[in-house]
Amino acid sequence: MKTISVLLSVLLISQIIHGQEGFRKVNFDESFKKANRGKAKVEIDEVKELLHIMIAITKSGLENDDMVEQRGSYYKNVIQHFGPFKEEPIITRFDSLIKVNPLNYIFLTGNALSYNFKGDKLVADKNYLFPAQSVSAHTTITVNPITTYKKEIELFAKKTGFKHFYKQQLGFYNAVIGEYKKFANLQEQWDWLEKNFTTRVDNYTIMCSPLIGGLNYTTSYTDNHFKQIMMVLPALEKPSGQTEKQNIVFNTRIMFTEIDHNYISLPTKNNKAAIDVALQNRSKWVDTTKNGTEYYPNPSKIFDEYMTFATFCLFCGDKFAGDPTTIKYAYDDVNSTLKSRGFIKAVEFNEELKRLKQNNPTKNIEELYPELVAWCERQ
């Protein structure tokens, strides 16, 4: 049964990037910067996967197929191996934490990055100090729960043979990572976005777990003149009945429309006054009877959501140049998705941005904003 509400899912996905400042989250020293600058990587982190497994066998995790992905052979292997330990005190404790506040799922799994295994012991990571401190302005913590329960986590890992299990699964983990590279090439998306916008990011990292269900999110860390975007995501889906290229479009869209917010937000901010005027008549742009439109309460947020998907359409136009069938599939997929969510001028907006780009091939997308906003005002 899916017991976490849509509201909570939206909160996790959209607000974790807006955490308050607290203790130092990361330490991007020179060696970290040198090793990671310009790289896009996908990881299934050992300690983080341990926390996902521990949560999966809590009573809350066993009852919630939104929080924990319960389909597939990997989940069955996890339950078979770790299920007999579901009554361990630390599992009961984690269950109580999640029942008190489901956001503890984020604080437990997100802060797992602050430790690494050295033998059977957890040692503090020198780069990720206390990475998950807040989900929204009203939900913050001041103590790292992995530090609090360090000994209990170590004992659980040793008692259950976790490290041996993790090593046995490396082939599967590498296959999950390989699918990300094949069906949602992050480096390709990143290169294209930085060609078309002036914003620069130093590193993209996907922290993946096959046990992540619907609760995925994006966060960013900036330290020592180095900016990292981190996405916490499940394994890729491959919808049945689709071609390989259609699967690429589907999975790329999910990722692209997360990361391009980092690029479209600055020019939106720079054109805010004009956008406020152009989209002041809300009923022209959103069908407010649709659930979820309340999370886009002002013209800038509405414009950004249109722009997020329209930019993806331009990316597909370049990526699949010479393949009109796949381009049409990508456009139809975007338009139907947006319209079903209440963004009623999806087709017109996407076509106008495409027209502007075709007529101004030497301009980057940011330079098209004034003309696009002027078009919006004429609607």
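Predicted model: local features only at pLDDT ≥ 70, side-chain atom pairs only at ≥ 80, totals over all residues.
Q: How many helices and strands are in the protein chain?
A: Helices (H or I, at least four residues) and strands (E, at least two) are DSSP runs, numbered from the N terminus. The protein chain has 19 helices and 8 strands.

Q: What radius of gyration does the protein chain have?
A: The radius of gyration is taken over C-alpha atoms, and the globule rule is 2.2 Å times the number of residues to the power 0.38. For 379 residues, a compact globule would have a value near 21 Å; the protein chain has 22 Å, which agrees. Along the principal axes, the C-alpha atoms fill a box of roughly 65 × 45 × 45 Å.

Q: How is burial read, and what percentage of the residues count as buried?
A: Buried means under 20% relative accessible area, exposed means over 50%, and partly exposed lies in between (1.4 Å probe, protein chains only). Of the 379 residues in the protein chain, 54% count as buried.

Q: How is a pair of aromatic rings described?
A: Such a pair is described by the distance of the centres and the angle of the planes. Rings of Phe, Tyr and Trp (its six-membered ring) pair if their centres lie within 6.5 Å; planes under 30 degrees apart count as stacked, over 60 as edge-to-face and the rest as tilted. A search of the whole structure finds 33 aromatic pairs. In one of them, the ring centres of Phe256 and Phe312 are 5.5 Å apart and the planes meet at 55°, so the pair is tilted. This pair links distant parts of the chain, with Phe256 in helix 13 (residues 244-259) and Phe312 in helix 16 (residues 299-319), 56 residues apart. Phe256 is buried, at 0% relative accessible area, and Phe312 is buried, at 0%.

Q: Which arrangement do Tyr306 and Phe349 show?
A: Tyr306 and Phe349 form a stacked pair, with 5.1 Å from centre to centre and 25° between the planes. They too link distant parts of the chain: Tyr306 is in helix 16 and Phe349 is in helix 18 (residues 346-359), 43 residues apart. Tyr306 is buried at 0% relative accessible area, and Phe349 counts as buried at 1%.

Q: Which residues form one aromatic cluster?
A: One cluster includes Tyr74, Phe82, Phe117 and Phe156. Also in this cluster are Phe162, Phe165, Tyr166, Phe172 and Tyr173.

Q: Where does the charged end of Lys319 sit?
A: A charge sits over a ring if NZ of Lys or CZ of Arg is within 6 Å of the ring centre and within 35 degrees of the ring normal. The charged end of Lys319 sits over the ring of Phe320, 5.5 Å from its centre. That of Lys345 sits over the ring of Trp285, 5.9 Å from its centre.

Q: What is a disulfide, and how many does the count give?
A: A disulfide is a covalent bond between the sulfur atoms of two cysteines. The rule used here asks for a pair of cysteine sulfur atoms within 2.5 Å. By this rule the count is 0 disulfides. For Cys316, the nearest cysteine sulfur belongs to Cys313, 6.5 Å away. Cys316 counts as buried, at 1% relative accessibility. For Cys376, the nearest cysteine sulfur is that of Cys313, 15 Å away.

Q: Which residues does Leu51 touch?
A: Contact means heavy atoms within 4.5 Å. Leaving out residues up to four places away in sequence, Leu51 touches Phe94, Leu108, Thr109, Ala112, Ile146 and Ile153. Leu51 lies in helix 3 and is buried, at 0% relative accessible area. His52 is also placed in helix 3 (residues 46-56).

Conventions
Residues numbered from 1 in each chain as written. Heavy atoms only, no water.
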